[in-house]
Amino acid sequence: MKKILVIQQKMIGDVLASTLLCEHLKIHFPDTEVHFLINEHTRAVVDGNPSIDKIVLFKKKYKKERRQFYTFLKGIKKEQYDLVIDVYCKLESNLISYFSKAAVKISYEKWYSKFIYDHLFTYSQNPDTKLGLAIENRLLLLSPIIPKLKEPELAPKIFLSKEERRAAEELLRLHKIDTSKKVFMIGMLGSSPIKSYPLDYLAKVIDYITQEYEATLLLNYIPSQKEYVKELLQLCSEKSRQSVKENVFCSSLRAFLGLLSICDAYIGNEGGATNMSKALGIPNFSIFSPWISKKAWLTYNENPANYAVHLADYSEKNILSMPKKDRKKNSLALYKLFKPDFFKEELLQFIEREVFSD
């Protein structure tokens, strides 16, 4: 094989998980050129990855402008890929796979796209390892060409330059942050309201931290969410308001990654920032949305630094017996049942163990 395309359109967590495919391919086929096709807004977590020879960006305009998308597809065909691994397996990636004319195409089994692929796999619902289903189901796609992985325990990584880390340190100095204290990044909001722990509950989580520890707290947010920052701080105690440095803000995702890399822990909503903290080797305590599968996305859970809580861990009712679509529809109501005092002790034990034990 001379050239391989891995397709992973979707969110940051998905993209990071699929970088593993690129790394395994490079380990087993070091002379093969590996291209990674992703949505343009996720590029920051892939830049600098030595296992990826070329980043292929799927742009927003391709969804709206058919002519532009067709031009893109013709460009894919010109690359003459020997193998395509379609992790996304939706209409757009089906068409990309088909137009590639690769000799071997691998994906998941969907009734509408079976005819395109040479090897098809169904999603497993029961993890066999501590990697988590999100990782295990991806590694399945490598099995037709790599029967046994040389390094099966690999985890996704983000690669930052020394300059990017230094810029993050300079940002803290600029805001006169006392770096002798531990620094926590608080994941204030998820990617949508149904993936966001209620702000009044999150305020209590922050209060739990500041009651026990002298620490600096930073917030992960974008400018359009500034009103939520104000609301959150109004719900916090006076000590918490003094501990939160709301004006420490990064203008780009790469800058945020640099800042996250020098934090002592990430605490907050499960999502992209959780996966970024794992890829940077930062301890993370994640609060799952009731409708998201902890079994799938609590990856590398043998590592105590990757800790997560879910309503199902505490509820007397088996909420996971509810269909996923019903949990999603009722997510906000279910969140209200997920009180912060349920996991207060676990949070403080996590901080003591992973942050202050040294």
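How are H6 and H10 oriented to each other? In this predicted model, where local features need pLDDT of at least 70, side-chain atom pairs count only at pLDDT 80 or more, and totals for chains, interfaces and linings use all residues, residues are numbered from 1 along each chain as its sequence is written. Side-chain values use heavy atoms, with hydrogens and water left out.

Helix H6 (residues 162-174) packs against helix H10 (residues 253-261) at an angle of about 75°, their axes being 8 Å apart, and the two are therefore roughly perpendicular to each other (65 to 115 degrees). In this contact (heavy atoms within 4.5 Å), Glu-164, Arg-165, Ala-168, Leu-171 and Leu-172 of H6 meet Arg-254, Gly-258, Leu-259 and Ser-261 of H10.

The structure also holds 18 salt bridges, each a side-chain nitrogen of Lys or Arg within 4 Å of a carboxyl oxygen of Asp or Glu; the table gives examples.

| Pair | N to O distance |
|---|---|
| Asp-53 and Lys-26 | 2.8 Å |
| Lys-226 and Glu-246 | 3.5 Å |
| Glu-227 and Lys-230 | 3.7 Å |

Asp-53 lies in the loop between strand S2 (33-39) and strand S3 (54-58) and Lys-26 in helix H1 (residues 12-28), so this pair ties together parts that are 27 residues apart in sequence. Lys-26 counts as buried at 17% relative accessibility, whereas Asp-53, at 41%, counts as partly exposed (buried means under 20% relative accessible area, exposed over 50%, partly exposed in between, with a 1.4 Å probe and protein chains only). Glu-227, at 55% relative accessibility, counts as exposed.

Technical notes: Axes fitted to C-alpha atoms, helices over the stretch in contact; angles between N-to-C directions. Helix = DSSP H or I, 4+ residues; strand = E, 2+ residues; numbered from the N terminus. Parallel < 35°, antiparallel > 145°, perpendicular 65-115°, else oblique.
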